[in-house]
Amino acid sequence: MKSSLAGLGAAIYSSSLVRPPPFHGRVSARFVAVREMSTSCTSFSTRVFQLRRDPLTGDSEWIVVEEGGEGEGGEGKHGAKCLLATTSYLDMLNDSCRNRAFRAAIEKTIKGPCHVLDIGAGTGLLSMLAARTMEKFGESSVATVSACESYLPMGKLMRRVLRGNKMEKKIKVFHKRSDELVVGVDLESRAAVLVSEILDSELLGEGLIPTLQHAHDMLLIKNPQTVPYRATTYGQLVESPYLQKLQDLFHGEANLSDGVHLTCPGLEGIMDIKKQQYAMHCDAMFNDLRLLSEPFKVFEFDFWKRPESHGEIKISVKASSEGNANAVISWWVVQLDYEGSVVYTTAPRWITRTDDIKEATCVPDAKDWCDHWKQCVWFIPGPGLPVSKDENVVFNATHDETKISYHLKCDNSLIYSNTYGDCRLELSPERIALYGDRDWRSGLMTAMRNILHAQSSQFCVVADDSVFLTILTACLSKNATIVSSFPGLQEKGEKYLQAVANANGFSMDRIKVMGMRSPNLAKNNLIQRKVDLLVGEPFYYGTEGALPWQNLRFWKERTLLDSVLSKDVIVMPFKGVLKVCAMSLPDLWRSRCCLENVEGFDHSVVNETLGACGNLPPMIEGPCLPYYVWQCGEVQELSGVLPLMEFDFTNPIHSCSGKTKMQFSKLGLCHGFVLWIDWVMDEKGSIVMSTGPASRYQKQGVKLLSQPFNVNTTDCFVEIEASFDHSSGEITVSSFFSSLQ
């Protein structure tokens, strides 16, 4: 669950399900905790200031969550409830294999009354399992459970779960980071047993090592019992043209020869991904992989003893096939009990059971898809590392407190980073792949060429973070003057443009980077003449994991610049079209179902707060959530693709709505609707940039049904309605099923 060493500097992804930053558990939001002493000087209360970003403006606001009271304070429409709905807590609690494994391990480990400490307690499931286990040994003053959960909104939710299960008097809850707990002040004694689930897909990213270090130093007895007991990471070399596209923009551009150079010789790594492991559903891309080695062991971490902050090993693995190694795919195996009889693994489905888990129980079956733990991908730069069959491939693996890294002989990323300094742009793998996609670039180039040809006066404002459109405009027109707002990239975007200007044959004299949002451009009179061209992809740096319609921020930016637009301004994209398709999504639906009994404990009170979608009570709607639909396990389209609503960017932003009647084209179980925006770049509608499921590089919005609809005849149809609120940027979707008469 969520680490109690949550960092105060964690980044915000207000509507995203991406892996959170180190020490921040599964809640992706920035918060600051303030402790205040009451007037009686005898008690303290905690107030959390939670940061939320407005999707349409990029502005941030602080939401106040008070410790006092067990109601829904701070959990309104835009409060903590909204943010918790976008986390992976619900998916995690729906992972029955995980829950059974922890239950079995806790029952094996606790052999009598003792003090149990749960760090990162979340909803309190592990704490309740520990308390129930100790009940079997009778009443004892020694039997105590201390639950530490630093994220206040989750802590408040845990108290409701404990009350609902009559456990509130058996478990003491602390709204603190674990490194703030003091034995003799908070805890009566050191704990004999540690139960904790602060594991992410990489294993270390939620602060496992520093949390364990502090716990062993300050909170646990010598030689404590722990659940989990041990974790081991594994890796495998793979060849994959798809994975290469996610990081190798330089060679991708070399094959295009379209005149735009985001990278070039001497500047190969100036636009690149961050060197880290990326959590991905590798089973979904199995057909795009070729395995080049057998699995190999990397690191082993013992929870029962104090871990080291850093480690390094040399790995020698025999190549099983000839090819170019483009990535190391990694996963972990957790031994939850001392005997090794209870094990959980995040291994991909093509991995058969290894010796350490052959006899274990609670290993996930192939059908147990989940989203909270995935495999990880470490990209090998450039075209990859050539290997020959039976060759011994030798490389190093290192770890620090929060991440595992691999170091191969072809890895020039450190050289790139040191060479380019502040000029280097680090983007997401999907954005790198999109910038190297032939069809995507060709579409934008054609659209931009057409509007430059149609507009003799060429004062252009790039209203998003698109360095591509900025460079493209400068390359296509020697007369254009360009203002790039770059609200997210800011000064770094300008330094990048300066570095690639010569390679693209333009002078920075024609480009002005503002590094601010549109309201500031208009308010401060920074645009001195009327704008002839207003363009965007749209793309806003830092929001890649958000719902697709959050890029309607472009419409808001266009509205704020209305006073400086010329009468014959050309806006690109010309409009956005919300598209919809009915789909069978059994794995995703199961992972977002309402919780009831979780290992014998009622969790129904958490459903609305955690964004449950399936099996909801009448009149309650689940949220739309962002996913790479192609990675969502079993997926099948049951209908054609239909337009649902249009957004006209030639006019200022306004609320709008739309509806459509959809007939099913295939039989099956409909679990919901997938929605995305097609960006229509020109008035004729001849150039459309789609963000639908066919694009692997962008997320779609998914609206799951409370109950799946059985399509047993193609005479079934569904009426779908959607409305867009221009003040909040939210889209609501409703549906009604029936049969043709």
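This is a predicted model: local features need pLDDT of at least 70, side-chain atom pairs count only at pLDDT 80 or more; totals for chains, interfaces and linings use all residues.
Residues are numbered from 1 along each chain as its sequence is written, and side-chain values use heavy atoms, with hydrogens and water left out.

Helices (H or I, at least four residues) and strands (E, at least two) are DSSP runs numbered from the N terminus. In helix 4 (residues 125-135), ten of the eleven residues are buried, that is, under 20% relative accessible area with a 1.4 Å probe and protein chains only. Among them are Leu125, Met128, Arg132 and Met134.

Helix 12 (residues 467-476) and helix 13 (residues 490-504) have axes, lines fitted to C-alpha atoms over the stretch in contact, that come within 11 Å and cross at roughly 35 degrees, on a scale from 0 to 180 degrees between N-to-C directions. Val467, Thr470, Ile471 and Cys475 of helix 12 make the contact with Tyr496, Leu497, Val500 and Asn504 of helix 13; contact means heavy atoms within 4.5 Å. Cys475 counts as buried because its relative accessibility is 19%.

Another cysteine, Cys460, counts as buried at 0% relative accessibility. The count of disulfides is zero, a disulfide being a pair of cysteine sulfur atoms within 2.5 Å.

Leu578 lies in strand 28 (residues 575-584) and is buried because its relative accessibility is 0%. Beyond its neighbours within four places in sequence, Leu578 is in contact with residues including Trp549, Leu642, Phe647, Trp676 and Ile731. Gly658 is 80 residues from Leu578 in sequence, yet their C-alpha atoms are 9.2 Å apart in space.

Technical notes: Buried means under 20% relative accessible area, exposed over 50%, partly exposed in between (1.4 Å probe, protein chains only).
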